[in-house]
Every structure is written in C-alpha cells, then in structure tokens.
Amino acid sequence: MRKSFYLFLLTGVVFFLLGFKHSPDTDHAMYVHKEQLASESDQVLKAAKDQQVTVLYVELDQTKSVSFYQSFNKQASEEGIAVYAWGGNPSWGLSTHQDMVTEFAQWVKSFNSQSQQTSNFKGVNIDIKAYHLPEWDVDQERVLQEWKENINVLTKELRGSDLEVTATIPFWLDALVTPDTDGQPFHEWMIRQFDQTTILAFRETLEGDNGIMSLIETELATADEIGRPLLIGVTMEDTGLDYVSFAEEGIADMNMHLGVLEEHAGDYSSYSGTAFQSYQHVKDQLNLNPEEPIESGEGHEAVRGTYIWEAERLIQEGDDILAFAKEQDINFIYARLDLREPYSSYSGFVQKAKEAGIEVHAMGGHPTWAKESERFRIKKLIDYVKTYNQNVSATSKFQGIHLDIEPYVLDEWDQDKENLLAQWISNLEYYVEETRLNSNLEASMDLAMWFDEEPAPGKGMPFNRWVIETMDHTSVMAFRDFTEGAGGIMYMAEEELQHAADLNKEILLSVEMKENPYVNHISFYEEGAAYMEQEIDQLNSKLTEHPTYNGTLVHSYKYWTTAKP
C-alpha cells in the first residue's frame, strides 16, 4: 500500500523545489475565518491562488449583507475557486442550540435563492467540535446523541437543494460508537451523512505510528467501502504541540508533505484531496504584496475641486467642463451620475479628465437615502460604479464614490431625530463596507459643520467624529463667506479639523457659491469669485501645517461658472 521511504524523500525534494502541485483530479481546500474575509478579501484570494486552492471554506457571518458574499463568491468563481459556507460551534452539538443549525442552513439557502449562479455558495461545511463542551466529560453518550440529531436536522433542511453538504471531523471519531446503532463507529455514521468529509489529521509527518497516514487509514478504508470522498486536513496553528502542526516547520514543509500525501493516499478511491487550516495561520509566510490594484487607487494632490450635480452636463458639456477646470486649476470633481445612462456616457469624460490631471468620483444622494427603506438606492449606485469600472479602460475608471445625504431637511428629523440618525448610520456603514469590498474605490461623504454636539446612536462618540473615522475622506460643508473670526470657516470647522487630525483621516472643506437670499453670510454669491479665491487662499495658508487637511471644493460648478467676477 505505502510507497517506500526513499520514494517519500525523493518526492519530498521535488515538491519542496517546485512547490505544492495537487492532482487535477483532487481538491485543495483552505479555511478562512470571518475576520480575515471581512478585512482582507483580496489577500485571501491572492493566498488561495498562491497555494493553488480550489475550495474555500469561508466562516459565515450571518450579519453580513448578501452583497458582501455575492461579490466575493463571484470573484473567487472567476479564479476557478468554489466557496463553501463554513459554520459550526461546539454548542451546535446540543439540542438546545438546534435552532442555530437550522438558521445556518436556511440563511445559505436563502442567499443562493437571491444570487446568480456565479455568486452562489457551492456548498456548506459543518464543523461541530462538540467534544470541547463541558458536557462531553460528564455525559459523552448524551452529547453524541444530540450531536447526531442536529446533523440529521441539518441534512434534512438542505435536502433537495443544489448545495453540496460537507463536514469537518477529527480523525479519532473511529474510536467512538454511534448511539442507537449496533456498534457502528461514529466516524462511519458521519461519513455516510455527507457528500464529502474532511478528516483533520493534525500531525507534521506522514510516516510512523503517529503519522498522518496511520491516523487516517481507517477513515479512507471506510470511505472506500461507502463510496464517499474524503479530504485530509492539516494545520499551521501554533498549538504548543510541535508534532501536531506545521507552524514550526513552515509553509514549504507543509506543502511538501501535502504533495507527498497524494502519493500515499492516492491508492484509496475515496481520497479526494487535501485541506489546511487556515489562511490566518499561513498569510504571514506568503508573499502577499499587492499586485496592480483592481481600481485606480493613486493618491491625489491637494484638492481644488467642485461638484457637478447635473448628469446631463457631464454627458453633453464635457469639453466645456474641462476647459473651465483648466482655467480654474481644478483637479478634483464629484460628478452625479444618471444610472440609466450607458457607461459610454461617462467613460470619455473621465478619461479626458484623468489626462488633464483631474480625479473624478461618482456622486449620488438625497435626503431620503438616510432611511433604511431607501438603502437599495445606495446599492444601485455602488453596483453601477463597480460594474462600470470593470467594463472600461484603466484611464476611464472612477476613483471613488461620494454621498451627499442631508436628512435634516425631512419632517422625520424633527419628529424622531434619533431613529432617523440611527438609520442613516446603518446605511452609511453599509455604503462604506460595500464600496470597499473587492475594490480600491474611496468612500466619502459631505458632512454639515454643525454636528459637533450630536451623538451618534450606539457609537459612543459625536456623529461628526464617527463620520470622519468611518469614511476614507470627508468633505465638511463649511458654508461661510469669510475665513477667520467667530462664525467663519475656520471657526465652524474647527472641531472637524481636530477630529481628522486625531484620526489621521483626510478632510476637505467645501464652500458655497449658490445664492442664499435669506442668510447672506453662508455663500460667496454676493462677494463673487475673486473674493472667494482670496478667502480660500487665506484658508489654505492658515491650514498649511494641518496634518490631514487636503484642500477645498466649491459648491457647485453650476454656480461657479455664473459667479460674479
């Protein structure tokens, strides 16, 4: 059955030199914890490609939005990687937590029903370590019985779906007897329940009585008899037991052993590949230096920008806008999009703008976008921009998404401000998460200057500080027509500037050129463009030593072009 030890050494040298190469007929799986996926999804995929992973077991966070996983799953699918929802907890082995098992299965089914095939989960992987429960030492047979019942509930719930139902179990379940059977080993019962099973054989050597092959021979023979495929799992976690993990030996040694494992286990028909736990424990040993960014993520110079709210201007007057931008030294534009328009309506303008040294961010917003019932509008904007960027040349891509949502003009603000503010925060969290997901797009927003004392519900800080902390950059609407003194731009934006410095977050200041017949000191309309330039110069001079202040924007192009000299 086994190859000679000399063949083992020779093959090991080859795999060490060439790197791990799994057979095209087998899978290579990697486990990914939810914290890593949330913050390092691009790096996860890069590590998966580096390690020739074909299957990702992704720990499911049911609080995440559907679009979070849809985007990741689609990107993985394009790389030829199948994504499985990975769930489990020791408590899932008890009947008192059976509802968690059911909710997990129902969430994945519901997700797939809302997603396109390329964004679906291909399966689930259940990992219930019931032997970690205190009850295990007190009444092992009862825990086994309830563990078994919960597995039955899971497989029944998923029966008839397109999902492949898999499990992760330790190698030593062959020593336990399944309750309510005539002595059937528990590992056999488990293998029979699933389309595929991963056997955790946590050792750092193949040979010997305590090596991987010795530990899994019973499982492979059982799976051969039943006709079910098995993956063999190892770990790089620092367990404190050297013989259990490849933590000390390193990733090259692990890959060598996994490659040689195919030579040993390949004689079993049930052998289907290998798995390792986990991305978290191997990432530091991989070369994960980012490749060329998916989006254009170049930093911009000090901002001198404007807003273009009329999408038709962008489409019909692009050359006029660029001529005005050149005349006024504009290098930054927030541009509102009409999402009904084809991508070609914007790509030419964005390309010409970039050639002229102008950074363009897609813009949208309305007071009602603060309501959770209107979140779909934010999603439509994000989806449009991301898909646009995927379908145009590198020189035509938007570099960020900007929101201008001012719910304080709504009746609901006076009626139940705290509730509306909480909804707004929830929508903004969604916006930032979805914008950053698998992209280098900047997420920014406009912020009124008078939120200094307004608490952010549930955040333990003022709303203005929470916004600045959350966004990649914030544009503070410091609408005053003079720079210094009480009530001036510097005075009104003082707290926001301090928050930005404390948080090391970029901040921009916006000024107004639109006529305000009721409050003259809000706008430069009466004073005109030359006076505005004088105040902006003074503002830039006063803030030249500020660590994160990065310039000004004029609201808006429409009023700037018709301003008094």
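**View 1. The lining of the second largest pocket in a predicted model, by residue class.** By class, three nonpolar, 13 polar and eight charged residues make up the lining of the second largest pocket, where Ala, Val, Leu, Ile, Met, Phe, Trp, Tyr, Cys and Pro count as nonpolar, Asp, Glu, Lys and Arg as charged, and the others, Gly among them, as polar. The model is predicted, so that local features need pLDDT of at least 70 and side-chain atom pairs count only at pLDDT 80 or more, while totals for chains, interfaces and linings use all residues. Residues are numbered from 1 along each chain as its sequence is written, and side-chain values use heavy atoms, with hydrogens and water left out. The lining comprises 24 residues, of which Gln70, Ser71, Lys74, Thr387 and Gln390 lie nearest the centre of the pocket. Two or more lining residues come from each of α3 (66-78) and α14 (375-391), and α14 gives the most, with seven residues; helices (H or I, at least four residues) and strands (E, at least two) are DSSP runs, numbered from the N terminus. The space in this pocket is about 640 Å³, a volume being the space filled by probe spheres set on grid points that are joined across faces, edges and corners. A pocket is an open set of points on a 1 Å grid over the protein atoms alone, where a 1.4 Å probe fits, with protein on both sides within 12 Å along at least five of seven lines, and lining residues have an atom within 4 Å of a point.

**View 2. Leu56 and the largest nonpolar core.** This core has 81 residues, and Leu56, Phe121 and Trp147 are those with the most contacts inside it. A nonpolar core is a set of buried Ala, Val, Leu, Ile, Met, Phe, Trp, Tyr and Cys residues joined through side-chain atoms within 4.5 Å, and buried means under 20% relative accessible area, exposed over 50%, partly exposed in between (1.4 Å probe, protein chains only). Beyond its neighbours within four places in sequence, Leu56 is in contact (heavy atoms within 4.5 Å) with residues including Met30, Val32, Phe72 and Tyr84.

**View 3. Strand β1 and its two parallel partners.** Because five of the six residues of β1 (residues 27-32) are buried, the strand is largely enclosed by the rest of the structure. Four bridges join β1 to the parallel strand β8 (residues 271-277), with histidine 28 opposite threonine 274. Four bridges also join β1 to β2 (residues 55-59), again in parallel, with valine 32 opposite valine 58; strands pair if DSSP finds at least two bridges between them.

**View 4. Valine 511 in strand β15.** Valine 511 lies in β15 (residues 506-512) and is buried, with a relative accessible area of 0%. Its C-alpha atom is separated by 6.4 Å from that of methionine 477, 34 residues apart along the chain. Leaving aside neighbours within four places in sequence, the contacts of valine 511 include Phe479, Phe524, Leu553 and His555.

View 5. A cis peptide bond, with omega about -5 degrees, joins glutamine 277 and serine 278, and another, with omega near 0 degrees, runs from histidine 555 to serine 556. Aspartate 329, although not a glycine, has a positive phi of about 60 degrees, lies in the loop between α12 (318-328) and β10 (332-336), and is exposed at 57% relative accessible area.
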